[in-house]
Amino acid sequence: MKDHDRRIIVVGGGAIGLSTAYHLGKLGFTDVTLLERNTLTSGTSWHAAGIVGPLRATQNLTTLARYALQMVGVLESETGQATGYRQTGGLWLTRSDDRLAELRRIAAMGEMNDLHASFLSPGELAERFPMINHRDLAGAMYLPQDGQINPVDLCMALARGARQFGVNIREHAGVASIRVRNGHAETLTTDQGEEIQCDIVVNCAGLWARSVGGLAGVNVPLQAVEHMYIVTEPVPGLPAPWPVCRDMEGALYIKEDAGKLVLGIFESNAKLWDHTKADPGDSFIVLEEDWYHIEPMIRAGMHRVPVFRSIGISHFMTGPESFTPDTRQLMGRSPEVMNFYVAAGMNSLGIMSAPGVGRAMADWIAQGDSPIDLWEVDIMRFRPEDNDPAFLRERTAEAVSNQFDMHWPMKQYRTGRNRTLSVWHDRLRECGAVFGAPAGWERPLWFANADEPAEIRYSCGDQCWWPVSERESVMLQRTGALFELSPFTKLEVEGPDALAALQWLCTNNIDVPVGRVVYTLMLNDRGGIECELTVIRTGAQSCLLTSASATRIRDRSRILRHAGRHDVTVRDITDEHAVLGVMGPRSRAVLSGLASGGLDNSEFPFATSRQMEVAGAMVRASRLSYVGELGWELMIPNDRACQVLDAVLEAAHSEGMGMAGLMTMESCRLEKGYLHWGQDVGTEDNPWQAGLGFAVRLHKPGGFLGRDALATLKGGVDRRLVLFETPDARPLLLGDEPIYHGGERVGRTTSGGPGFRTGKNLCFGYVDAGVAPGKIGVSGFEIKVAGEMHALVALPAIPYDPHGARMREG
């Protein structure tokens, strides 16, 4: 079967489903059917506000959103169907200087996408937009490319365009069941009893996406809420166009519609809605008005735009909208069923997201991997337990308010915590651990002494944990520190074809002696980096893989999908073992008194691993280090983990060592030039650009996935990853900051932060190959951070122990 002859079923006839079907048809897929349970747009699309905002909080989300600006004109031309799209400009209003700093970061990122925001003082705002109360504002950001569209007209244009490309659109055709065999969806049965064969299913069912996923055993973590807005009577003298106004601290938006004003809210106490209690025949659902609930927001609207006080309300709309636990979309291939894709959970941004989401989904299906770096919206970032109804109910109100809440650096969710705990959790808390929950695990961010912060105090400037991390880093350098590493993904790959499968998947040579540790990458067909990991050869037919905690579901799914016909099993053993990092100059002395075997360089060299007894328990000890010091990672069965920690901690204290947290590890990896997948490298970056050629064996027998593309790319590297420092100041570096050289923008940062052992403020950044340090030297660079320019110097070598003597020789 030719790829474009595959039978694709798109479930859901709202903006997302129609855009996906339209783009599939446009790519030349010839057998695409869209099934809509009722009539087109009858879920949430029909009552959407229709705001089109191309500037989002991150580079990748902006790439996704800004596609709408170019697609709408093309769609109207192709179909002859007007969409009502018009650019009105948009305002972000704030009372907070911290929020202004956040907005200036977003504006700088927008510059890299030809979205040119400007800032208005309260006085300038009053002069340009006199109907807005400016008296309590710190300022505003204005973006001319903001706009709005008629949601139903957009959907009708997409439907017409899809039909023109041969898509079969069927209304009143709900999905009653999905048959899955050997991890693949084979047939769908409609609520009329018709059975439809399928090669690919795309779940764009909006409010019902969680239920549709459940039919196939696919987790789709969504929770619907009652989203409310009001429409005024006509407003005399309302300027045209009226900009889309977002009152950030008021948690509301105000837009114009046919001479009226629309006010919508993203409140902190959103009302949950259970879609399963709705009548299956219901369409264009309108929920009961709740004036008591919306009253505080109406008062906030009256304060911000005083004309609300004298204008009547013509319509109160309450309709259901679905939200995800982290307020980001759900997109991509599901981990449970290989040919089942999801595009849902738009968090009340479905109309502005539809063009980009539809194109990305179509490209994803056509290429087999995401066409651009979409990790932050990939459905595989969630674990099965994240689809638990109790968790979704608890988290969703916070997720709704997150649309307008301040997005602090290192912000942690308040709700849905303490769900995944290390076996050491209580002991770590007794040691002073301050916990965060990246990727769902409760992890120590730092360990506070009595006079140090025992909770996160958010800031857009110096971080409260910096002094603590400096203390931990100095301790690590002088004596050593213990790190909790349990959340890192641990996968056992076993079977007669384990070596062959990993040789095909990995860029490096995995055919090494038992006990060797190999750093390697996995690529896509384009040569982009899909995973970075370490592989331990544990036996003739077995290996242990370790990768980032956040990519646990994704990495296992990728291995299973690309192992093909190889006879292998992939077992996730992450939850079965605790892992303790024992790092620093005194780590050998600590472990020597507890371990059964020798630990000197001749007996236990760097990048080797073996089973050994430590404190009476059999553990896997691996001589590795993510912090650049002599050290071992001990993987311990959970039932023996506490006895090992207690013994190691007692011995460590006698050597002047203590616990250290995730933020110290992050600081140290920057000083060592170590990269983080999802920040510094991703699916759009190749090893030559990232400086990871040392992990590639281009000519190993049998090749590897992505090898042909990589061989071609080697001859024309267009950008390079460089480690920089800001020598004259210590601004807060978070990534996505633009880099300049000679006044021209030449790249952007990926991650950054202070290195406390070196005293340098560091960041990684990709820059055009023509201005990479090897071409022009190390000076002349600048970086824009929250609107301010700072000098930037490219480092000619890794700043901490560049030759690795501390780590390799001990």
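**Exercise 1. Classify Q59 as buried or exposed, and state its surroundings.**

Solution. Q59 has a relative accessible area of 14% and is therefore buried, where buried means under 20% relative accessible area, exposed over 50% and partly exposed in between, with a 1.4 Å probe and protein chains only. The structure is a predicted model in which local features need pLDDT of at least 70 and side-chain atom pairs count only at pLDDT 80 or more, while totals for chains, interfaces and linings use all residues. Residues are numbered from 1 along each chain as its sequence is written, and side-chain values use heavy atoms, with hydrogens and water left out.

Q59 is found in helix 2; helices (H or I, at least four residues) and strands (E, at least two) are DSSP runs, numbered from the N terminus. Leaving aside residues up to four places away in sequence, Q59 touches M109, M112, N113, D736 and R748. Contact here means heavy atoms within 4.5 Å.

**Exercise 2. Determine how helix 2 is oriented to helix 8, and which residues meet.**

Solution. Begin with the axes, which are lines fitted to C-alpha atoms, for helices over the stretch in contact, with angles from 0 to 180 degrees between N-to-C directions. Those of helix 2 and helix 8 (residues 350-367) come within 7 Å and cross at roughly 100°. Helix 2 is therefore roughly perpendicular to helix 8. The classes are roughly parallel for angles under 35 degrees, roughly antiparallel over 145, roughly perpendicular from 65 to 115, and oblique for the rest.

Then list the residues. From helix 2 come L64, A65, Y67, A68 and M71, which meet M352, P355, G356, V357, R359 and A360 in helix 8. This contact of helix 2 with helix 8 has nine nonpolar residues, one polar and one charged. In this scheme Ala, Val, Leu, Ile, Met, Phe, Trp, Tyr, Cys and Pro count as nonpolar, Asp, Glu, Lys and Arg as charged, and the others, Gly among them, as polar.

**Exercise 3. Carry out the corresponding analysis for helix 1 and helix 2.**

Solution. The axes of helix 1 (residues 15-26) and helix 2 (residues 59-79) come within 14 Å and cross at roughly 70°. Helix 1 is therefore roughly perpendicular to helix 2. Helix 1 contributes Y22, H23 and K26 to the contact, and helix 2 contributes Y67, M71, V74, L75 and E78. By class, the residues of this contact of helix 1 with helix 2 are five nonpolar, one polar and two charged.

**Exercise 4. Characterise the aromatic pairs F129 with Y142 and W408 with Y458.**

Solution. A pair of aromatic rings is described by the distance of the centres and the angle of the planes. Rings of Phe, Tyr and Trp (its six-membered ring) pair if their centres lie within 6.5 Å; planes under 30 degrees apart count as stacked, over 60 as edge-to-face and the rest as tilted. A search of the whole structure finds 13 such pairs.

F129 and Y142 form a tilted pair, with 6.1 Å from centre to centre and 35° between the planes. F129 lies in the loop between helix 4 (122-128) and strand 7 (139-143), Y142 lies in strand 7, and the two are 13 residues apart. F129 counts as buried at 12% relative accessibility, as does Y142 at 13%.

W408 and Y458 form a stacked pair, with 6.1 Å from centre to centre and 10° between the planes. W408 is in the loop between helix 9 (389-401) and helix 10 (425-430) and Y458 in the loop between strand 23 (443-447) and helix 11 (466-478), so this pair ties together parts 50 residues apart in sequence. W408 is partly exposed, with a relative accessible area of 21%, and Y458 is partly exposed as well, with 31%.

**Exercise 5. Describe the backbone at T41, H172 and P241.**

Solution. T41 is a residue other than glycine with a positive phi, near 75°. T41 is placed in the loop between strand 2 (31-35) and strand 3 (51-52), and is buried, with a relative accessible area of 4%.

H172, also not a glycine, has a positive phi of about 55°. H172 lies in the loop between strand 9 (168-170) and strand 10 (175-181) and is partly exposed, with a relative accessible area of 48%.

P241 is joined to A240 by a cis peptide bond, with omega about 0°. P241 lies in the loop between strand 14 (223-232) and strand 15 (244-247).
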